[in-house]
Amino acid sequence: MRAVTWQGRRHVEVQDVPDPRIEEPTDAIIRVTSTAICGSDLHLYEVFGPFLDAGDILGHEAMGVVEAVGSDVSRLRPGQRVVVPFNIACGTCFMCLRGLQSQCETTQNDLYGTGASLFGYTKLYGQVPGGQAEALRVPFADYNTIPVEDDLPDERYLFLSDILPTAWQAVEYADVPEKDGTVVVLGLGPVGQFASRIAVQRGHRVIAIDPVPERREMAARHGVEAWEGDDDVARVIARTQGRGADAVIDAVGLEAHGSPFAHAAHMITGMLPDAVARPVMEHSGVDRLAALHAAIEMVRRGGTVSISGVYAGDADVLPMKTMFDKQLTLRMGQCNVKRWIPDLLPLARDEADPLGIEDLITHRGGLDIAPDMYDLFQKKSGGCVKVVLTPTT
Ligand code: NAD
Ligand code: ZN
Ligand code: ZN
């Protein structure tokens, strides 16, 4: 089959690779009809190189049609249409039973001390082949699939694999006490777009900040007050009676603009041989923290900072005095996709499209456009907000 493979820093290629096959009786094979490129893939494209091997299949946002099932799969049958959550979770362990699928104890990665395995997401998360391919092997397939039986187009459902539940979790974790409270969303990539819309839908006043004009325009179409970013801390304080926002959602993560020191550290680590870079990144890596620092500054005393942007440094410097003195709550983590599906499936199915799901994709095409699309999406040029690839129909 054809698949998008990682080949090195800022280098992906579409290649012929062996077809996936049933390896465990709980597996299924899915023929992938739609798969998206995520901001998290951009971390692999550039910063996380030491944790990938040339040829690794990328992608963790996929949906398609069941082609084959293992002998212990009971809920799925060939021909069924399903979305595949990006977490690989067993559904029966201590963590899964508590809705913490991103921490699944069956698929945790002891070697690196990390949580549940993820599709297409480096050695840190199991080095499992990803979904930017014509077919995907899905472990624990009864649990790691969301059946979608009707004939609404793929784009209505695809984002249930990651960014819709991630945005939902960001707003849940933001825990805004009053309906008319103020939420600031930092970053208007796909995650920030949906987090802003969900917060608007709940009646909150939403200010979102991003340097990219097309992304601000898209947010404004959905009732979001979108700012470019200069003086944003002072502006948020000024617009909230001098207090700060009730909650701030960080939908930017470790590659934030405005962190020159950490940016240089990323570049230098990127030049080291993998065997040297891996332990450096694992134990002392630093993140670009401009967005997180801004979040801590602009949230009000007693407020919450909800982090869905990915961070990966274990030696990051945070302003503990400010955080303690302001009595902040911090919530964060990979999304527990399955936990939020009962809330989101009715919204995805709703004819009225209340979250405007159909207004996100800016680029689509076959697998072959992937190398150009990674480049475009990373540069945030050409109005690119979300890319969907259609490997098969
Ligand atoms: P994206 O890269 O398109 O979005 C990031 C946005 O942040 C961009 O629009 C960029 O212009 C903006 N930005 C950069 N620096 C900024 C700053 N200092 N202030 C304000 N905005 C700034 O990606 P995305 O797909 O929306 O993902 C966003 C983050 O969420 C990434 O870190 C991604 O890895 C993470 N993510 C996490 C989960 C999870 O489970 N927690 C799931 C999906 C994505
Ligand atoms: Zn993703
Ligand atoms: Zn589990």
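Contact means that heavy atoms lie within 4.5 Å. In this predicted model, among contacts in the chain between residues at least 6 apart in sequence, 74% join residues at least 24 apart. Local features need pLDDT of at least 70 and side-chain atom pairs count only at pLDDT 80 or more, whereas totals for chains, interfaces and linings use all residues. Residues are numbered from 1 along each chain as its sequence is written, and side-chain values use heavy atoms, with hydrogens and water left out.

The chain holds 13 helices and 15 strands, which are DSSP runs numbered from the N terminus (helices: H or I, at least four residues; strands: E, at least two). The radius of gyration, taken over C-alpha atoms, is 20 Å, close to the 21 Å that the globule rule gives for 393 residues, so the chain is as compact as a globular protein of that length. The globule rule is 2.2 Å times the number of residues to the power 0.38. Along its principal axes the C-alpha trace spans about 60 × 50 × 45 Å.

Of the 393 residues, 59% are buried, that is, under 20% relative accessible area (1.4 Å probe, protein chains only). Helix α1 (residues 39-46) has 7 of its 8 residues buried, so this helix is largely enclosed by the rest of the structure. The buried residues in α1 are Ser40, Asp41, Leu42, His43, Leu44, Tyr45 and Glu46.

An automatic or database domain assignment divides the chain into domain 1 (2-162 + 336-389) and domain 2 (166-332). The contact between them takes 34 residues from domain 1 and 28 residues from domain 2.

Terms used. Chains are lettered from A and ligands numbered from 1 in the order in which they are written. Buried means under 20% relative accessible area, exposed over 50%, partly exposed in between (1.4 Å probe, protein chains only).
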